Amino acid sequence: MRKACCTAILILGVLASAEIAPAQTKKTVYPFTDLGTLGSGTNSNAEDVDSSGHVVGYAAIDPMTSHAFLWDGVMRDLGVDGSTGSALGINDLGQVVGRYNDYTSTHACLWEYGADGWALTTLAGLADPQDSHAFDINNWGQIVGCSRIITGTLHACLWECIGGEWIPTDLGWLGPADQPSWAKHINDLEQAVGESRIDATTSHACLWERTGDEWIATDLGGLVPSLSSDAHGINDLGQIVGMSRIVTGTWHACLWEYVGGNWIATDLSGLVPSLNSCASHINNSGQVVGYSYTDTISHAFLWDGTLHDLNDFLPAGSGWTLHAASSINEYGLIVGRGKNPLGQFHAFLMDTSTPVYSYTSTGSAVAIRDKASASKAMTLDDDYVTFDLNVAINLTHANYADLKIELIGPKPNNTARVLCNAGSLQGSGAQTIVFDDEGAAGTIQPVQPLSYYDNKSIKRAWTLRITDTVKNGQTGTLFSWTLIVVPQTP
C-alpha cells in the first residue's frame, strides 16, 4: 500500500467464518511502521516524535551498547563512540536531547544539525562532572532533566543557552534538599513537570513554573495524596499526565487539570484497572498515550476520552505486540516500542490521522475441491473512492501450487484481476496470504495490479475466487478473505 509516512500498511480484522452477510461493516487500522534497528542490532525503542514525523530513541548496536538514533525514513546513528546512550526528546526545530555514558559518568547532551552534519554538545551539570541527564526540549530550546549536585543528590535541572553558553539551573524540590527530583518534560509556556521526593520513600508529581527569575515547585499530589505519583508530560494547555498509586499499591495512569484554583487528578485506570498503567505523553488535543498491563505484559494505549488498546488496530496474525507508547504529536503520530514476530523489541510509528478500512467476509468456510472453483462474496455499503487496495486471504490447502486466485470487482463490469496463477504459490497447510501491489514485506505482488480499482468506488459486491487447477486429490478450505482499503481523502 502507498502511504508517505510508513513503509507498510498492515491489516486489521479477525479473519473468521460465518454465513455470508448482505453487507459488511468496516474495521479501522492505522498505518504502521517498524523503524528497524541500527546495524546488526536487534532491539530499538522510540521515545519522542516531532511535528514532521522525525523520531528519536535508542537502539542496540551490540548486546552491551545502545546508541541514540534519529529516524527520518532511515534510522541514523547519533551515538558517541566508546559510549552507550539514548536520544529522549526532539523539538520542532530538529534539536535532539538525551544522554550518553562513557563508562565513567552519564552526560546530558544536545544534538543539532548543521553544515557539517550532526554536532554533539555535552551539557555541563550543576556540579560538573557529576552525572546529568537531558529528557526533553521545548520549541524555545529550553532543556530539562536532572543533574547531581555537589552532595551527589540528583536535582531537577533546566538548561538555557545564554550568550552562546548552556547554563544549568537547579529547579528545586518539594521535600528535603537531600532528596532527589527529576524534570521530565517541558512545554512552550515554560512549565516543566516530573517528580520530587517528599521523604525517603515517597515521590510526588511536581510542576515547576517560572516567576520572574525564580522557579516555583508545586506539589500536584495524586489519586491518593499520601502515596507516590509521577508526572511524565505536559501540553501547552497545562494538562499533565503521568501515574499515581492507588490504595492497593497499583500504579494508575493519571491526568491532572487545573480546576477552580486546584489541581485535580483523574484516574485513567488502564485497560485492566487492577493492574499497573502509566500515561507517558499528552498532545494539545488532549490525546494521551502510555502503557497498561493486561496480564503479565503491557499494551500500548491511546486515550481520547475512551481508552483504546493500540493492538486492536493491528492485523490478526501480524505477530506484533505493541507494549508501550512513548509520545504522540499534534497530528496523531504515535511512537513507542513493540515486539515483532521474531521476538525482537523494535521501535514503531503509528499514524492515527489516516485510517485504513478493512472488510472481512463472513459466512461458513468454503471447500476448495479437487479440480474445481470455490468463491466467497461480500457486499459493501460504504461508498469510498479507493486510493489503494490490498487483499488478504485466510485458507488452508494441501498444495498451494495448484491454486489460481482471482478478485472479482463490483458491477457494472465485474472485472476479475488475477492475484496469482497456478504454480506461483508454494507450501501447504494454513496460511494468511496478503496481495499488495507495492510488495511490502510479507506480502505478494499480484499478477494483475490491484491499482485497477484505484479511483473507483468500493460499493456493491466483491467476490474472491480460488480455482484448484490440478486433479491430484489435494484439497483445501477457504475460511475468509479481507479487503483492505485506503480511501481517497477529500
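Biologist: What are the ground rules here?
Modeller: This is a predicted model, where local features need pLDDT of at least 70, side-chain atom pairs count only at pLDDT 80 or more, and totals for chains, interfaces and linings use all residues. Residues are numbered from 1 along each chain as its sequence is written, and side-chain values use heavy atoms, with hydrogens and water left out.

Biologist: What pLDDT does the chain average?
Modeller: The chain averages 91, and 94% of the residues score at least 70. pLDDT is the predictor's confidence in each residue, from 0 to 100.

Biologist: Where is the pLDDT below 50?
Modeller: Over residues 1–22. That stretch has 87 contacts in the model beyond near neighbours in sequence; contact means heavy atoms within 4.5 Å. Where pLDDT is low, the predicted coordinates should not be read in detail.

Biologist: New topic. In what order do the strands of the β15 sheet come?
Modeller: β15-β16-β17-β18, an open sheet with antiparallel pairing. Strands are DSSP runs (E, at least two residues), numbered from the N terminus. Two strands pair if DSSP finds at least two bridges between them.

Biologist: Which strands stand at the edges?
Modeller: β15 (181–186) and β18 (214–221). Each has a single partner strand, so one side of each has no neighbour in the sheet. Neighbouring strands are turned by 30° against each other on average, direction ignored. Axes are lines fitted to C-alpha atoms, and angles run from 0 to 180 degrees between N-to-C directions.

Biologist: How many bridges join β17 to β18?
Modeller: Seven, with β17 covering residues 203–211. W208 stands opposite A217 in β18.

Biologist: And what is the order in the sheet with β7?
Modeller: β7-β8-β9-β10, open and antiparallel. β7 and β10 (117–122) are the edge strands. Six bridges join β9 (residues 106–114) to β10. L110 stands opposite T121 in β10.

Biologist: How many cavities of 30 Å³ or more are there?
Modeller: One. On a 1 Å grid over the protein atoms alone, a cavity is a set of points where a 1.4 Å probe fits but cannot get out. About 40 Å³ of space lies in the largest cavity; a volume is the space filled by probe spheres set on the points, which are joined across faces, edges and corners.

Biologist: What lines the largest cavity?
Modeller: 13 residues (lining means an atom within 4 Å of a point). A68, G79, V80, G85 and Y100 lie nearest its centre. β5 (65–71), β7 (84–90) and β8 (96–101) each give two or more residues to the lining.

How values were computed
1 Å grid on protein atoms, 1.4 Å probe; cavity = no way out; pocket = protein on both sides within 12 Å on 5 of 7 lines; lining within 4 Å. Helix = DSSP H or I, 4+ residues; strand = E, 2+ residues; numbered from the N terminus.
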